Amino acid sequence: QLQPVVDLDEIEELRVAAQELYVSPVIQRWIVDLVRATREVEDVSIGASVRGSLALERAVRAWAMLHMRSYVVPEDVELLFVPVLVHRVVFRPAFLAEARKVGWDAAIEGFRERCLALAPRPRPEDVDLTVVPA
């Protein structure tokens, strides 16, 4: 008895609308740096690729849109970093052993913190939101 709540045209319209949300060049650079950090952390055999950067940017744009904003903020990136990228990372056996010991959530939080240490969050004054389209 279920009925669709959106059709394909509406989904396409939402996809296009999300692409038009503003992402500061500083945040775009930070996304690239964060994804690169997944390849530099010693716990990782294979880090996220360029496709991971693209997926993270698309996700934060959609997240901002869902929250009725026409722009992305650093908090969006921090919030979605793990859900969007962790499945794209191949961890070393030592990390997996540690995760079994401390729990997956704690191990992933440590991974997230190490990535953020390599690619720190931009300072608020560096994120220019004065050019956000109306």
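The legends below go with several close-up views of this predicted model. Residues are numbered from 1 along each chain as its sequence is written, and side-chain values rest on heavy atoms, with hydrogens and water left out. Because the model is predicted, local features need pLDDT of at least 70 and side-chain atom pairs count only at pLDDT 80 or more, while totals for chains, interfaces and linings use all residues.

**View 1. Confidence across the protein.** The average pLDDT (the predictor's confidence in each residue, from 0 to 100) is 93 for the protein, and 98% of the residues score at least 70. Confidence is lowest in helix α1, with a mean of 90, and highest in strand β2 (residues 90-91), at 98. Helices (H or I, at least four residues) and strands (E, at least two) are DSSP runs, numbered from the N terminus.

**View 2. A nonpolar patch that includes I11.** Here V5, V6, L8 and I11 make a nonpolar surface patch of about 430 Å². Patches take residues with over 30% relative accessible area and no salt bridge; nonpolar side chains (Val, Leu, Ile, Met, Phe, Trp, Tyr) are joined within 5 Å, and like charges within 9 Å. Accessible areas come from the Shrake-Rupley method with a 1.4 Å probe, and for residues only the protein chains shown count as cover. I11 sits in helix α1 (residues 8-19). With 45% relative accessibility, I11 is partly exposed, a class that lies between buried (under 20%) and exposed (over 50%).

View 3. A salt bridge joins the side chains of E12 and R15 at 2.5 Å, N to O. The term means a side-chain nitrogen of Lys or Arg within 4 Å of a carboxyl oxygen of Asp or Glu, and by this rule the count comes to 12 salt bridges. E12 and R15 are three residues apart in helix α1, so about one helical turn separates them. E12 is partly exposed at 36% relative accessibility, and R15 is partly exposed at 41%.

**View 4. The R36 and D33 pair in helix α2.** R36 and D33 form a salt bridge at 3.3 Å, N to O. Both residues belong to helix α2 (residues 25-40), three residues apart, or about one turn. R36 has 33% relative accessibility and is partly exposed; D33, at 26%, is partly exposed.

View 5. The R123 and D126 side chains meet in a salt bridge at 3.0 Å, N to O. R123 is partly exposed at 48%, and D126 is partly exposed at 32%. Salt bridges with shared partners also link E75, E78, E109, R112 and R121 into one network.

Technical notes
Buried < 20%, exposed > 50% of the residue type's maximum accessible area, 1.4 Å probe, protein only.
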